Amino acid sequence: EPAATGLNREQMPQAVEGTAQTGRLRAEVAEAWGIDQVPVAGGGGDNAAGAAGVGVVKDGDALLSLGTSGVIFAATREFRPNPAGAVHAFCHCLPNVWHQMSVHLSAAACIDWVARLTGTPGAAELFARAESVGPSSGPEIFLPYLSGERTPHNDAEVRGGFLGLDHDTTPERLAQAVLEGVAFALADGLSVLRDAGTELSQLSVIGGGARSSYWGQTLAAALNVELVYLKGGEVGPALGAARLAQLAVDGGSPEEVCAPPPVSHTIAPDAALVERFAPKIARFRDSYSRITPRNS
C-alpha cells in the first residue's frame, strides 16, 4: 500500500507483456555490439522463459527444473497464491496466463556438493555410485537445505544435514540419500502447489539434472507424477527468450510459437517405489522440526 511504502504508481516503471516490444536497442549499444537497432522484447525471468521454451503455456502445463536450484513451475489460468506455503504466484511472460512456482534453493547443487564430499569426480560418477546401491537402500535421510529453503518453509537460516547414519553408511548410500532428499523436498513443494488448487499429473524436465534417467526414477516416485524428457529441454530458457522475441517482432499465437519440443522419453512412477518411499518421506518431513527446534 502507498501508505506503507511511501511510493505511488507514478514512481513505478511501465509494466509490459513479455511478448511486447518495449523499444529498440540504443544506437551506441548497437554500434558497440556490431548489430542493427533491433526491437527489444519485454522478455521473462529464467523459469518463465524456460516454460515458454518447453511449451508450458496453458493451465495445467508444468515443468520441473533441475539446475543449481530446483523449481516446479505450473501455468495457471488465474492467480493462485499460497503465501503460507511460500508458493510464488506471478504473471507468466505470456499474455493472459499466470504461474505458480515452488522454489528449492539447492537441487543439483547438492549433487556437486556430495560429489566433492565423497571424492567423486563428477555428477555422472555420483549417479553411478548411487545406482550401485539402489533406491531407499539405507536409513539415511538428507535434508537439502545447504542455502536455507524457500518452499514450503521460507527459512533462510535452516541448514542441511544427514540423519540416520550408521556403521554401514557408505559413500554410495550417501549419494543415494542426497538424490532422495532433493526429490523429497520437491515433493514438499508439489504438496503446497496442490494446496493452492493446482493438480499436476505430468512434469516436463529441464536443466542439467535432466541428463540422469536414474535420478528421474527417484523423482517420479517421490512426486508420484510422470516425468517427460524433451529433446533439447536443457536449453529451454534460451529457446524461450528467442520465442518471446519472435512473438514481439512477428506476432502469432503463443501456444503455436511456444509449442513443446519433441519428446525424448518419459518416466512413469514405479508403484512399488512410491510405496517404499512413503514412510521415508514422512520421516523427511518430520525431520525439519528436529533441526529447527525454534519452529517446532
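How many bridges join β4 to strand β6, and in which sense do the two strands run? The close-up views below start from that pairing; please keep in mind that the model is predicted.

**View 1. Strand β4 and its partner β6.** Seven bridges link β4 to β6, the strand formed by residues 98-104, and the two run antiparallel. To find your place in this pairing, look for I72, which sits opposite S102 of β6.

**View 2. Strand β4 and its other neighbour here, β3.** Residues 62-66 form strand β3, which pairs with β4 in the antiparallel sense through five bridges. A handy landmark is L66, which faces G70 of β4 across the pairing.

**View 3. The two faces of β4.** Side chains in a regular strand alternate between the two faces of the sheet. Is each face of β4 covered or uncovered? Both are covered: on one side lie G70, I72, A74 and T76, on the other V71, F73 and A75, and all of these are buried. Since seven of the seven residues of β4 (residues 70-76) are buried, this strand is largely enclosed by the rest of the structure.

**View 4. Cysteines without a disulfide.** How many disulfides does a search of the whole structure find? The answer is zero. Take C91 as an example: the closest cysteine sulfur to its own belongs to C93 and is 11 Å away, which is too far for a bond. Another cysteine worth a look is C110, which counts as buried because its relative accessibility is 0%, under the 20% cut-off.

**View 5. Helices α4 and α6 packed together.** Here helix α4 (residues 108-117) packs with helix α6 (residues 171-195); their axes are 10 Å apart and the angle is about 165°. That angle makes α4 roughly antiparallel to α6, as it is over 145 degrees. The crossing of these two helices is right-handed.

**View 6. Two stretches annotated in UniProt.** An unreviewed UniProt entry places "domain: Carbohydrate kinase FGGY N-terminal" at residues 4-53. In the model, this stretch of chain is 34% helix and 14% strand, with 38 Å between its end C-alpha atoms. The feature "domain: Carbohydrate kinase FGGY C-terminal", also from an unreviewed UniProt entry, is placed at residues 63-248. For residues 63-248 the chain is 38% helix and 20% strand, and the end C-alpha atoms lie 24 Å apart.

How values were computed:
Residues are numbered from 1 along each chain as its sequence is written. This is a predicted model: local features need pLDDT of at least 70, side-chain atom pairs count only at pLDDT 80 or more; totals for chains, interfaces and linings use all residues. Side-chain values use heavy atoms; hydrogens and water are left out. Buried means under 20% relative accessible area, exposed over 50%, partly exposed in between (1.4 Å probe, protein chains only). Helices (H or I, at least four residues) and strands (E, at least two) are DSSP runs, numbered from the N terminus. Two strands pair if DSSP finds at least two bridges between them. A disulfide is a pair of cysteine sulfur atoms within 2.5 Å. UniProt positions are given in the numbering used here, feature names are shortened, and annotations may be inferred rather than shown by experiment. Axes are lines fitted to C-alpha atoms, for helices over the stretch in contact, and angles run from 0 to 180 degrees between N-to-C directions. Angles under 35 degrees count as roughly parallel, over 145 as roughly antiparallel, 65 to 115 as roughly perpendicular and the rest as oblique. A crossing is left-handed if the near helix is turned anticlockwise from the far one by less than a right angle, and right-handed if clockwise.
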